[in-house]
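This briefing goes through one protein model and the two ligands placed in it. Please keep the sequence and the 3D view open while reading.

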Amino acid sequence: MKTQVCIIGGGPSGLLLSQLLHRKGIETIVLERQTRAHVLGRIRAGVLEHGFADLMREAGCGQRMDAEGAVHDGFYIAHDGRMDRVDLHRFSGQSVLVYGQTEVTRDLYQARDAMNGQILHEVSEVVLHDLKAATPHVTFVQDGEARRIDCDFIVGADGYHGVSRKSIPADVLKEYEKVYPFGWLGVLSETAPVCDELIYARHDRGFALCSMRSQVLSRYYIQVPLSDSAESWSDEAFWAELKARLPEDVAARLETGPSIEKSIAPLRGYVAEPMRYGALFLAGDAAHIVPPTGAKGLNTAASDVHYLYHGLLAHYAEGDESGLDSYSEKALARAWKAQRFSWWMTSLLHRFHDGDSYDSRLQQIDLAYLFSSEAAQVSLAENYVGLPY
Ligand code: FAS
Ligand code: PHB
């Protein structure tokens with residue numbers, strides 16, 4: 001088999017890049033380890049930056065997102081028994097779109113099918129070859145048969161646990177990591193959201209987040225110790241703990257119900273450099289991971305895709321290599337700003353120490369400064385809605 005760009009990974013990064021390139025006549029083949037149903041069964045991100053939404057529209061995949069997604073001009077921070085609103089639109093001139101990653105992925109799959117995009121599922125033993133030679137290619141097994149794809153470029157969009165990043169020699173790859181001493185227990189429930197906008201809650205018992213997927217589907221999270229398991233949390237225990245971390249009037253109107261999904265995600269910040277090695281380009285979680293507090297994971301994958309799409313377009317259309325040559329530097333510059341913002345939001349809102357401490361007082365002072373300073377709110381807003389690509 002032969003193609004121009006072989007993309008490893010059929011998550012949002014790989015599918016979005018494949019769709020954008022195909023619309024410009026650039027051939028791709030996507031290799032995905034799981035079944036389509038497995039990929040679509042993942043419950044992950046919920047907030048899209050305006051840059052991501054524009055990219056989906058450019059890919060011809062924005063119709064349902066614009067029809068069903070909710071435009072949010074702000075969110076709340078609950079702390080010390082009160083709720084303060086961050087007015088994103090006032091302080092950045094932009095909004096965010098609340099539309100689940102699951103639906104993004106569904107829309108991308110539908111668009112790929114409409115264009116007869118080549119996505120090979122349930123592949124295994126994917127190996128990248130000749131990344132620094134003139135004949136980059138990928139070998140893999142599908143339906144028990146060993147196969148090979150010769151290509152011009154390979155995009156590693158195979159997430160944190162993929163093979164692409166590991167194909168970069170250890171003496172070339174530089175990794176940076178910060179592991180947080182807690183995780184997020186997330187619950188999806190067919191209940192009405194407790195608020196019309198998101199609520200990020202800082203509480204002595206721990207962080208909580210009230211989000212949503214629609215007016216009848218809510219997404220909630222509470223900070224839990226890494227030693228916890230989702231199975232050890234009954235629905236009743238989850239709802240009681242969430243209520244304990246919210247202001248009383250909010251807790252009083254919380255609609256509870258059976259969880260239809262319950263899982264714990266660990267929190268880490270991670271960056272791999274460089275994001276290019278010869279014919280291989282890393283994109284999305286294959287190159288970087290953030291704690292979800294700043295809603296930057298999926299959105300930073302989108303900016304990688306934006307840079308890579310334009311770099312490949314310039315290569316094929318004009319023989320201009322500048323976009324590909326500067327990809328790693330540009331993508332990393334924005335990815336590190338997402339790391340910083342995600343670290344700041346996580347440090348501000350999570351419980352790190354038992355009881356009162358210097359750090360917990362600093363969190364309270366940081367919040368007091370935030371809501372006393374328009375400059376501080378401008379900074380938060382411009383990061384949350386998405387820094388320029
Ligand atoms: P993905 O991991 O989504 O996709 C990679 C794909 O590659 C997968 O389908 C995988 O099966 C495939 N793959 C892996 N190895 C392969 C191989 N060897 N061969 C072929 N295919 C292979 N972000 C937010 O902004 N907000 C959130 O609330 C949030 N919550 C999250 C919760 C969890 C549990 C996780 C894991 C992530 C969360 N994220 C969140 C981040 C998440 O949304 C990612 O940023 C997003 O999925 C990135 O998309 P991809 O880069 O496509 O990686
Ligand atoms: C979600 O809705 O899943 C969500 C929203 C905002 C975040 C993280 C997760 O910061």
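Ligand 2 lies between domain 1 (5-71 + 96-177 + 268-346) and domain 2 (179-267 + 352-385), because both domains give residues to the shell around it. The domain bounds come from an automatic or database domain assignment. This is a predicted model, in which local features need pLDDT of at least 70 and side-chain atom pairs count only at pLDDT 80 or more, while totals for chains, interfaces and linings use all residues. Residues are numbered from 1 along each chain as its sequence is written, chains are lettered from A and ligands numbered from 1 in the order in which they are written, and side-chain values use heavy atoms, with hydrogens and water left out.

**Ligand 2**

- Around ligand 2 there are 14 residues, of which Y200, S211, R213, Y221 and P292 come nearest; a residue is near a molecule or strand if one of its heavy atoms lies within 4 Å of it.
- A polar side-chain atom of Y221 is 2.6 Å from an oxygen atom of ligand 2.
- Polar backbone atoms also take part: one of T293 is 3.3 Å from an oxygen atom of ligand 2, and one of R44 is 3.4 Å from an oxygen atom of ligand 2.
- The protein buries 97% of the 280 Å² that ligand 2 exposes when taken alone; accessible areas come from the Shrake-Rupley method with a 1.4 Å probe, and for residues only the protein chains shown count as cover.
- Two or more residues of this shell come from each of β15 (208-214) and β16 (217-225), and β15 gives the largest share, 3 residues.
- Helices (H or I, at least four residues) and strands (E, at least two) are DSSP runs, numbered from the N terminus.
- By class, the shell around ligand 2 holds 8 nonpolar, 3 polar and 3 charged residues.
- Ala, Val, Leu, Ile, Met, Phe, Trp, Tyr, Cys and Pro count as nonpolar, Asp, Glu, Lys and Arg as charged, and the others, Gly among them, as polar.

**Ligand 1**

- S13, E32, R42, R44 and Q101 come nearest among the 29 residues around ligand 1.
- A polar backbone atom of G297 is 3.2 Å from an oxygen atom of ligand 1.
- On its own, ligand 1 has 990 Å² of accessible area, and the protein covers 86% of that.
- Helices α1 (12-22) and α9 (297-318) are the elements that give two or more residues to the shell around ligand 1.
- The shell around ligand 1 has 13 nonpolar, 9 polar and 7 charged residues.

- L332 is found in helix α11 (residues 327-349).
- L332 counts as buried because its relative accessible area is 9%; buried means under 20%, exposed over 50%, and partly exposed in between (1.4 Å probe, protein chains only).
- Apart from neighbours within four places in sequence, L332 is in contact with V271, A272, E273, P274 and M275, where contact means heavy atoms within 4.5 Å.
- E273 and P274 are joined by a cis peptide bond, with omega about -10°.
- P274 sits in the loop between β17 (259-273) and β18 (276-277).

**Positive phi angles**

- E122, in the loop between β8 (118-120) and β9 (124-129), is not a glycine but has a positive phi near 55°.
- E122 is exposed, because its relative accessible area is 53%.
- D130, in the loop between β9 and β10 (137-142), is not a glycine either and has a positive phi of about 55°.
- D130 counts as partly exposed, because its relative accessibility is 33%.

Definitions and conventions: Polar contact = N/O pair within 3.5 Å; in protein donor to acceptor, adjacent residues only side chain to side chain.
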